[in-house]
Amino acid sequence: MSTPETARPLSRLQRWQPLLRWLLPLGLLSAVAALVWHGVDGFDLPQLQRTLLAVPTVPAIAIALLALASVAFTGLIDLVIARWLALPIGARDMLRLSFVANALANALNLYGTLGSGVRLLGLGTRGIELARSAALIGLQVLSLPLGLSLLVILTVALGSRPITPSTTTHWLAMAVLAAAACYLPLFHLVTARRRFMRWLPAGSDLPPLRLKLGLTLLSFIDWLLNAAVLYGCLYLCGVPVQPGALLGSFAAAQTLGLLSLIPGGFGVFDGLMLLALTTAGHDSAAVLSGLFLFRIAYYLLPLMSGLYVGSGLLVARMPALSRAGERLRRHPLFGLLGLPGNLLAGFGMRVLAILTFSAGLVLLASAAIPAVHEHIELVRRFLPLAAVESSYWFSILTGVLLLGLGRGIDGRLRLAYGLTQPLLVLGAILAITKGLHFGEALFLLAIAVLLRLRKREFSQRAMSLTSVTTLAWFGGLLLVVLAFFAIGIGAVLGDDSFDLWYFGHGEHSSRIARGLFAAAIGVFAYLIWQAFAVRRPALKLPDHAELEQARAVYMQHGGGEFAHLSFSADKHLFWSADHGAVVAYGMVRDRLVALGSPSGPAAAIKRTILDFRQFADAQDRVPLFYEVLEPELSLYHDLGFDLFKLGELATIRLAEFSLAGKRWEDLRQAVNRSLKEQLEFELVEPPFDTVLMSQIERVSDAWLAAKGAHEKGFSLGRFDADYLAWSPLALVRRAGEIIAFANLLPPYGPNGTASIDLMRLLDDAPRGTMDFLFARVMQWARDAGHAQFSLGMAPLSAVGDNPYARINERLAALAFQYGGRFYNYQGLRHYKQKFQPQWTGAYLAYPRGLWVPGLLIDITALVAGGYRHLLLGGR
């Protein structure tokens, strides 16, 4: 067992790890950028465009198929390991899962964890033991670099060294290759030691030599296929590099790309290969074209294919996925990966949003690059000049709109989906009519097809316009548009013959200047659309007729502890699809806070909870259920909510109530004292006359003034004539004058609970006046045949009172113990405890992953009447 001294260095490493994850990629990118800047001449963008357009179609398709086959081949590593571990999964399912994981990981790997997370969840949905799933992941991750290490050893042995521009970079490259070559023997050494392989399932043998040799061979072939795809892409772009010369540079660049932790080694691998091949004398535009084609063939096309295959692999299994994610969160390997299950479940949609944003980026980038003269001439043989120029202008407008709509796709916004689909098709048509950009058109159409496959997931009707996510997407839109403006202004300022209204195939400056107006119009059009079409609908408070419908539901099926508070003027009502169940809820910021559980038939409660959650999700709001009680917790757990204990509810069985005995001594003394004080109790049924209402309003105002308080709401009653008219009033008079009152919460349904909500008394009322009122109300409820009486909540009671409680609840326990100067937590618990009630835990049910203190602050503001009242004290 480690001592604190030995654990301390590890904790320092953990503190530095997030920073290193950013510094290492940025450092490598900066170093490569500096090398490319000094070692490569300027790029000829029109020549790059011509090179890509000159790529023959049939060989390009063959390269694309080779790339897909290469990504699919990597799945054989998973299949071999799965067979050794005897996992109960078919070869077809294993290869399909591996293809999705590899396709996503190649293009979008997050610190090496995305592919592993997809595998873990995919295996978990099939009921495979977590220990065996984790063993497959661990061995698969260790096996992938084996082939690269073997490739390095062979290339160095055969004399194929990386091409470098200087002696210094040559020795640095050789040092990288030497380190990579050490991985193969190190792998065989580590996997032969039990102490390094303790993560294998209990009872499993160490990997045999035959398995390790097989994994090495498969990994080697995998990397050769990767290099073959790169060779083919370069060859098609006019870079006739020798395979032997290519392999050395390929191995070094891939090694540094892996070490950079950047998805696909993007930037690092490309920069090093560009530097090496231009140093060897190849044209920079041709090399860059080949690398661009390689990114499309080996990364983008498999990514799109993986999204298509994965759309039915994980998303269609959401219930099983949720259960698997819950199990995986408790596994140390999954904790090491650091990816929550809901992120992986929704990752496909996030990728589609990024692709939509990329579509807009591509349209703007193609507009910023001068069109190929020959293609413009060919287009104008069939289309008038005005049509070609309009295509250019509208493609910029379409690109800006797609940049913005990426946020709506990310938020599963139905309206955004409906606009994005035709814009992608329009953009594809414009890409052809403005200059025969067939690759651009195919890219846009492919995104449209992928979106169509996920059509059912676009269920949102609104989204937050001020969230961090929305502002981040909008910032990306502005950044791209500003970059386009910078390019456009630079083109205009650098052209002495610039004429805004000149239309001709050679006047790129004039065309891009007109495009700036299109970009500006696109930004303003998107902002107007977002402000009016995407904002959340206004929530209406119920009228008297709707409240009567709710009361009918309460009377028939029961309303829990808080049903009567629906009749205050600060809560909305959500009805189930058949109008048979109802939820009373309030709103603060983007939170929809339901007070208690839904009311309605028992069989409809679970469905109504789910419907309310979907109702909130459709508006990009957060659904919360405040003060749900212990017997109902399983419903919320099954529907994916986390739970935080708020306190305990005190209830008394009225069959046990009497004024005799020690248990009721305080109430008995209060009743006896009332005779001496000449106190009288009266129960008044509505409707109430104006004289009575003015008398109790005087008591209420005096009580608020004495307490220095203001009216609250939501889970607490407030003095409001309309609200008080829904139930009887309990009055205490002295010499005919009202000195105290309370409104009764009548029990609803066959086993309802009676209670008191609003309690007010004059400052000079005799001691024990409220005890006297309580005693008489409980007598009335008992004599009326009611079963229970609620004394209300004791906030933070029995919360976090053991060392195994969650950290949030243990912090709440400190507030209960030491927060008496702000709220009398312990005094309230002690007062209610003297009646020896039954205590029932009350909880907050909230979607997983939310910060509980923030939710509690929001609810506090809701009870206070809003943040203005909370912060300014009701002024």
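**Helices and strands**

Modeller: Helix H30 is followed by Gly 785, whose phi is positive, near 90°. Helices (H or I, at least four residues) and strands (E, at least two) are DSSP runs, numbered from the N terminus. This is a predicted model: local features need pLDDT of at least 70, side-chain atom pairs count only at pLDDT 80 or more, and totals for chains, interfaces and linings use all residues. Residues are numbered from 1 along each chain as its sequence is written, and side-chain values use heavy atoms, without hydrogens and water.

Colleague: What should H30 span at 1.5 Å a residue?

Modeller: H30 covers residues 769-783, 15 residues. The expected span is 1.5 Å times one less than the number of residues.

Colleague: Why is H30 described as largely enclosed by the rest of the structure?

Modeller: Buried means under 20% relative accessible area, exposed over 50%, partly exposed in between (1.4 Å probe, protein chains only). Among the buried residues of H30 are Phe 772, Leu 773 and Phe 774. H30 is largely enclosed because its buried residues number 11 of the 15.

Colleague: How many bridges join E8 to strand E9?

Modeller: Two strands pair if DSSP finds at least two bridges between them. E8 and E9 (residues 753-761) run antiparallel. Leu 745 stands opposite Ser 755 in E9. The number of bridges joining E8 to E9 is five.

Colleague: Which residue in E8 is the bridge partner of Ala 730?

Modeller: Strand E7 (residues 729-734) pairs with E8 in the antiparallel sense, over six bridges. In E8, the partner of Ala 730 is Ala 742.
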